[in-house]
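Trainee: I have a structure that is new to me, and I would like to learn how to read it step by step. Could we go through it together?

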Amino acid sequence: MIATILELLEVSVWAGIAAVGFGILFNIPKKAILTVFFLGFGAGLIKFVLLHFEVNIVLASLIAASFVGVLSLPLAHGIHQPPVVFSIPAVIPMIPGFYAYETVLSIMSFTFSEKNDSKRLIFMEDIFSNGFTMLFILISLTIGVSLPLLLLRKHTVKRVDLR
Amino acid sequence: MKTENRLEQIADLLLEIASILMVSGANTNRVDVNIDRFASVLHCESYSLISQKTMILTVIDTETKENYTKVKNLPSHKINFTIISAISKASWNALDEDWSLSKISQEIETIKAQKRYSRLVVLLAVSFSGAGFCKIFGGDYYNLALAFVSTFFGLLMLQTAHKREFNTYISVFLASLTASLLASLGVYFNLGTQPEATLATSILFLVPGVALINSFTDLLDKNVLNGMVRFSNGIMTVLAIALGLFVAMLIFQLK
């Protein structure tokens with residue numbers, strides 16, 4: 001039990017590090033680095049815990065991304081940065097790279113190497129299941145991050161109008 | 001005559017701000033909102049057509065109703081969140097303290113002059129995220145080390161290609177090829193427990209996350225054209241990455 005928890009925490013710390021690395025690639029302000037780390041860590045932890053309890057990866061990504069999206073609203077006011085600055089780097093570690101890789105791999109085997117029809121059918125199935133999982137994860141990430149931002153924007157616009 | 005000159009200056013300034021924001025990776029709505037804020041500080045209304053390569057902007061003086069229209073081509077894109085943050089902050093300050101035209105352009109100049117993180121810091125940080133990805137996909141520490149190295153040289157390749165002003169997609173292809181060739185060595189010699197995880201994660205630093213997320217935000221905002229353009233750019237980048245991985249795997253005959 002404890003070993004599992006420690007493992008989950010270790011992976012989540014690496015998710016946080018990955019988020020900070022991308023933040024630096026996108027040249028985020030120095031003040032935002034710690035925030036990005038904790039958002040990446042928190043999102044990673046949520047996703048891996050949900051995966052541990054065998055929740056579907058698309059749903060897990062959506063929940064983790066929504067966590068980032070919702071939390072970035074109060075944080076944006078707290079450290080006076082627009083929310084995109086730390087919400088986008090924080091979800092980058094959840095990008096479905098492995099599914100993309102598997103999709104490309106199956107396409108490659110399907111097109112170039114396999115001549116046996118029944119095996120080609122298996123590759124076809126792989127292409128579809130991996131490809132669509134990848135697409136749905138991407139969509140759920142963007143929705144999780146951007147929907148709270150879009151809702152917040154209504155409020156800001158209202159405030160400007162009232163001035 | 002004098003007001004037209006002033007309007008021209010305002011149009012230049014607003015176009016400059018919009019183009020910096022766009023190039024730094026802001027979504028279309030953010031550009032719009034920021035421009036409107038600055039325009040209202042300068043007692044003008046602004047209407048703009050924003051695309052990825054060109055912008056058209058009209059400013060109208062709220063009192064005299066004189067107007068001025070200008071077109072600007074955008075430089076190549078380079079994501080920079082510090083600039084987005086600084087301009088957003090400046091726009092609020094300008095609104096609160098009623099800044100003048102010269103004060104705003106001075107502030108924009110200082111924001112533009114801000115330094116990025118040095119090349120080495122970026123290389124190391126991104127390599128660490130490559131290693132982090134590898135851990136997320138279940139690699140052990142041998143795999144992590146190789147993911148670090150391949151991401152490092154992949155990004156080095158990307159930066160070098162950018163400096164020589166190669167076509168963007170060719171740069172991405174070269175970077176993806178470099179990274180996946182290095183990572184393929186791990187699969188070929190069967191290093192660590194999960195060499196495939198290294199291969200899958202060594203190229204993730206190239207994934208156009210900002211373009212894809214911005215494309216969906218733009219689509220949700222009904223900025224359909226910009227959203228589609230960003231999506232197409234993202235897909236082209238993904239194809240370039242896949243092609244690099246493809247070639248590396250053909251070279252090493254991996255299945």
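Mentor: Let us begin with chain B, which, read along the sequence, follows the pattern α-α-β-β-β-α-α-α-α-α-α-α-α, where helices (H or I, at least four residues) and strands (E, at least two) are DSSP runs numbered from the N terminus. This is a predicted model, in which local features need pLDDT of at least 70 and side-chain atom pairs count only at pLDDT 80 or more, while totals for chains, interfaces and linings use all residues. Residues are numbered from 1 along each chain as its sequence is written, chains are lettered from A and ligands numbered from 1 in the order in which they are written, and side-chain values use heavy atoms, with hydrogens and water left out.

Trainee: How many helices and strands are there in each chain?

Mentor: Chain B has 10 helices and three strands, whereas chain A has six helices and zero strands. The C-alpha atoms of chain B fill a box of roughly 75 × 35 × 30 Å along the principal axes, and those of chain A one of roughly 70 × 45 × 30 Å.

Trainee: What area is buried between chain B and chain A?

Mentor: Buried area is the accessible area (1.4 Å probe) that two parts lose on being put together, summed over both. Here that area is about 4800 Å², of which carbon and sulfur atoms give 76%. On the side of chain B, the residues that lose the most area to chain A are B:Phe81, B:Tyr117 and B:Ile213, together 15% of what that side buries. Counted by contact, meaning heavy atoms within 4.5 Å, 54 residues come from chain B and 49 residues from chain A.

Trainee: Which residues form a salt bridge between the two chains?

Mentor: A salt bridge is a side-chain nitrogen of Lys or Arg within 4 Å of a carboxyl oxygen of Asp or Glu. Between chain B and chain A the count is one, formed by A:Glu10 with B:Lys135, whose closest N and O atoms are 3.5 Å apart. Helix 5 of chain B (119-136) is among the elements that give two or more residues to the side of chain B that touches chain A, and helix 5 gives the most, with 11 residues.

Trainee: Where does the salt bridge between B:Arg6 and B:Asp61 lie?

Mentor: The side chains of B:Arg6 and B:Asp61 meet at 3.9 Å, N to O. B:Arg6 lies in helix 1 (residues 2-23) of chain B and B:Asp61 in strand 2 (residues 54-61) of chain B, so the pair ties together parts that are 55 residues apart in sequence. Over all chains, the count comes to eight salt bridges.

Trainee: At what angle do helix 7 and helix 10 of chain B pack?

Mentor: Axes are lines fitted to C-alpha atoms, for helices over the stretch in contact, and angles run from 0 to 180 degrees between N-to-C directions. Helix 7 (residues 168-188) and helix 10 of chain B pack at about 35°, with their axes 8 Å apart. Among the residues making this contact are B:Phe173 and B:Leu177 of helix 7 of chain B, and B:Ala240 and B:Leu243 of helix 10 of chain B.
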